[in-house]
Amino acid sequence: MDLKFRRIIVSTVFVLVALIFIGRLFYIQVIDDTYKLDALNNSRRFMVKHPARGLIYDRNHELIVANEAAYDLMVVYGQVKNLDTIKLLDILQIDKHVFLKEMQKAADNKYRPYPVVKQISVQTASRLQETLHNFPGFFTQVRTVRSYPHKCGALVLGYISEVTKEDIADDEYYEQGDYIGKIGIERVYERYLRGQKGGAYLVVDVKGRVKGSLEDGKHDRPSVLGKDVVTTLDIYLQEYGEKLMQNKTGSIVAIEPKTGEVLALISSPAFDPNLMVGQSINVNYRKFVTDPNKPLYNRALQGDRYPPGSTFKIVNALVALQEEIITPSFSVGCQMGYFAGGIKVGCHAHPSPLNLVQSIQMSCNAYYCNIFRAILDANKYKTVQNGYDVWRNHVLSMGLGAPLGIDLPSERPGNIPKPEYYDKYYGKNRWKSLTIVSLSIGQGEICMTPLQMANCASIIANRGYYYTPHVVREIQDTAMDNTFKKKHVTSFDQRHFHYIIEGMYDVVQGGGGSTARVAAIPGINIGGKTGTAQNPHGKDHSIFMAFAPIEDPKIAIAVYVENSGFGATYAAPIASLMIEQYLTDTIKRPWLETRMLEANLIHKPTPTKP
């Protein structure tokens with residue numbers, strides 16, 4: 001190859017390379033906006049526009065979760081010059097070590113805005129704004145934080161906090177520094193409440209001061225407000241229930257039977273949800289986590305180790321009627337308990353013998369031990385295990401033994417044991433009806449959440465059906481899922497409920513021997529059932545489930561008060577007051593209300609002397 005030809009090749013290569021560079025520069029500078037926007041970070045800034053979260057209302061459109069303005073102090077670390085840390089911290093009033101730790105995180109990506117101090121109050125932000133020009137690289141970004149005007153319903157409403165790495169990995173919508181719903185309605189309905197982020201490109205001077213929008217906002221995108229949510233809650237009933245449960249451990253769940261709408265869902269001890277807002281959230285969260293009374297534990301949904309006690313007798317009565325094991329006139333004599341094969345199940349003093357209605361009224365243990373064993377031992381089932389399967393399937397039809405499907409997180413299933421459990425524990429074909437007779441009175445291995453107990457009251461109120469309990473009724477501009485409008489029909493004929501309801505009426509309005517006469521409300525017919533659940537770790541639990549008015553039920557309720565004795569001592573009065581408040585909007589038995597409000601059943605341990 002001669003020298004001239006080599007020169008031509010080399011020249012051609014240089015020309016081609018030059019043309020490629022020229023073309024690429026033309027594309028970057030003239031055609032492609034991406035590089036244009038990324039260039040010169042020190043003179044341009046992208047300001048994220050966070051939308052206000054949707055508001056949350058109660059069933060009567062009372063505002064129960066609102067928004068308040070707050071600010072994040074953002075930093076572009078690469079633009080920070082001659083930072084007067086002492087002066088800045090004096091304005092912010094935060095710990096120096098915390099601030100420096102956050103600044104170090106900001107240094108990991110020098111030209112990306114990072115929220116170095118989050119949720120600054122409006123007052124602090126105002127003071128900061130006056131001197132912000134002295135701190136190049138820093139700017140404020142407006143946010144909204146939640147506020148709770150009624151100071152109740154913390155676990156059902158939920159709260160918001162900063163996203164974790166897992167949250168970001170699960171949903172590309174989120175970036176570091178964003179907020180997300182945690183627990184309750186805030187979590188389940190997060191994608192509706194959060195809205196859609198927008199943003200604006202701003203031109204800033206060498207000191208970081210905003211001079212205007214880039215190209216008249218050509219590259220900006222608007223944020224979209226979160227959707228408002230209307231709940232099924234009656235916030236005043238919720239508030240009243242939390243007051244009644246002050247200084248007590250337990251739960252209240254109230255449901256509208258005809259719809260499955262949850263009117264109140266209370267777990268106690270409770271706390272003011274405003275404590276989970278702003279810069280104090282981490283401190284308060286740690287305090288709640290270490291509190292021995294477990295205020296973050298939602299007993300209404302997660303308390304699935306609760307035995308239902310005598311409230312479960314109603315379920316056994318329905319099974320016995322449906323399977324034609326008994327008729328309503330079937331009677332049993334009781335001599336202070338049930339005695340068989342060396343086993344004794346004690347009972348309280350009451351008239352004897354008793355028919356079905358009377359057995360509910362006076363909560364006779366002997367009656368239910370007899371009919372439970374009669375179900376399992378019936379000849380038509382051939383074996384006890386087959387009889388148990390029939391019994392269990394009826395119980396499961398009431399939504400027991402599995403989560404009901406409420407639109408709140410972490411619902412537990414309760415426990416209705418499978419036959420295999422007893423096979424494993426006692427040996428196959430080695431357990432009999434007497435072996436598990438404690439199930440007849442809601443003890444033994446049976447466990448129910450307070451939500452399931454309230455749902456059972458709804459089933460009885462509806463004479464055999466229920467709707468899945470739920471806490472949200474409407475979402476702004478959104479068609480609701482029909483899941484909560486589906487009727488669930490139990491395996492019991494409607495005609496059997498007449499006798500159950502008659503017995504429950506007598507529990508409250510009956511004569512001598514009735515177990516909850518304290519729950520009677522003048523002018524309102526209540527159907528109720530007491531329960532006293534044995535507790536191997538201390539005093540028995542007080543339980544009551546009820547519905548009212550019997551003629552046209554508008555509220556079904558379950559109350560569970562731990563370590564407080566008989567069902568009529570605390571659970572029944574609290575349920576009665578809740579019913580009266582909801583149906584009449586007033587309390588005409590102030591003596592009963594005062595006794596419940598002043599009762600302190602949480603005994604703090606005596607401090608150890610040094």
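Predicted model: local features only at pLDDT ≥ 70, side-chain atom pairs only at ≥ 80, totals over all residues.
Author: Residues are numbered from 1 along each chain as its sequence is written, and side-chain values use heavy atoms, with hydrogens and water left out.

Reader: Why is the pair of Y422 and W431 called tilted?

Author: The centres of Y422 and W431 are 5.3 Å apart, with 45 degrees between the planes. Rings of Phe, Tyr and Trp (its six-membered ring) pair if their centres lie within 6.5 Å; planes under 30 degrees apart count as stacked, over 60 as edge-to-face and the rest as tilted. So Y422 and W431 are a pair, and a tilted one. Ring pairs also link both into a cluster, with F312, F372 and W391 among the other members. The structure holds 18 aromatic pairs.

Reader: Is Y422 buried or exposed, and what makes it so?

Author: Buried means under 20% relative accessible area, exposed over 50%, partly exposed in between (1.4 Å probe, protein chains only). Y422 has 0% relative accessibility, so it counts as buried. W431 is also at 0%, and therefore buried.

Reader: How do you know that R194 sits over the ring of Y173?

Author: The test is NZ of Lys or CZ of Arg within 6 Å of the ring centre and within 35 degrees of the ring normal. The charged end of R194 is 4.0 Å from the centre of the Y173 ring. K197 lies over the face of Y173 too, at 4.8 Å. Both distances are within the 6 Å limit.

Reader: Why do β2 and β3 count as paired strands?

Author: Two strands pair if DSSP finds at least two bridges between them. Strands (E, at least two residues) are DSSP runs, numbered from the N terminus. β2 (residues 56-57) and β3 (residues 63-75) share 2 bridges, so they pair, in the antiparallel sense. I56 has V65 as its bridge partner in β3. In their hairpin, with 5 residues between the strands, H61 takes a positive phi near 65 degrees.

Reader: What makes β3 and β5 a pair?

Author: There are 10 bridges between β3 and β5 (residues 138-147), again antiparallel. The requirement is at least two, so they pair. N67 stands opposite R146 in β5. β3 is also joined to β4 (residues 114-120) by 4 bridges, running antiparallel. There, Y71 has I120 as its bridge partner.
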